[in-house]
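Here are my notes on the model, point by point. Please read them with the structure open.

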Amino acid sequence: SFWFGTKFKAMYFPWGLVGFNILLGGSGIAELIGIFVGHFFFFLKYKYPTDFGGPQLLNTPNFLRTLLPDDISGVSGFGQAPSTRQRPAADEPRQWGQGHTLGRD
């Protein structure tokens, strides 16, 4: 939720910011420029090279790559999903032990 409990999908967040800025008496021009620049960056960085076969026009500068590396100590991304555990067969007895009843000494 956003301001005063307003809810909307993440893809509409920039437009929600424009609307709140205009509602509060601002012009919304800075937000609209930000939306345009973000879409232009996404197009030049990802869509143009992959979908249209164009050259990679935007590259991250090397000093930023050394300052902020893509991976930290060999771990990057979201990792790997855990493998599924195999359940014991239904006919095998479980080795749980006796346990302790709660509330008794």
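1. Start with helix α1, residues 13-23. Its buried residues include G16, V18 and F20. Buried here means under 20% relative accessible area, exposed means over 50%, and partly exposed lies in between (1.4 Å probe, protein chains only). Part of the cover over the buried residues of α1 comes from α2, residues 29-51. After α1 comes G25, with a positive phi near 100°.

2. A word on the source. This is a predicted model, in which local features need pLDDT of at least 70, side-chain atom pairs count only at pLDDT 80 or more, and totals for chains, interfaces and linings use all residues. Residues are numbered from 1 along each chain as its sequence is written, and side-chain values use heavy atoms, with hydrogens and water left out.

3. Next, the overall make-up. The chain has three helices and zero strands. From the N terminus the order is α-α-α. Helices (H or I, at least four residues) and strands (E, at least two) are DSSP runs, numbered from the N terminus.

4. How do α1 and α2 pack? Their angle is about 165°, and their axes lie 9 Å apart. That makes α1 roughly antiparallel to α2, a label given to angles over 145 degrees. The contact is made by P14, W15, V18 and N21 of α1 and by E31, L32 and I35 of α2. Contact means heavy atoms within 4.5 Å. Axes are lines fitted to C-alpha atoms, for helices over the stretch in contact, and angles run from 0 to 180 degrees between N-to-C directions.

5. Look at K45 in helix α2. Is K45 buried or exposed? K45 counts as buried because its relative accessible area is 15%. The K45 side chain reaches the backbone oxygen of L58 at 3.2 Å. Neighbours within four places in sequence aside, K45 is in contact with Q56, L58, N59 and T60.

6. Finally, the whole-chain totals. Of the 105 residues, 9% count as buried. Among contacts between residues at least 6 apart in sequence, 0% join residues at least 24 apart. The accessible surface of the chain comes to about 10,200 Å². Carbon and sulfur atoms hold 61% of that surface. Accessible areas come from the Shrake-Rupley method with a 1.4 Å probe; for residues, only the protein chains shown count as cover.

Methods: Polar contact = N/O pair within 3.5 Å; in protein donor to acceptor, adjacent residues only side chain to side chain. Parallel < 35°, antiparallel > 145°, perpendicular 65-115°, else oblique.
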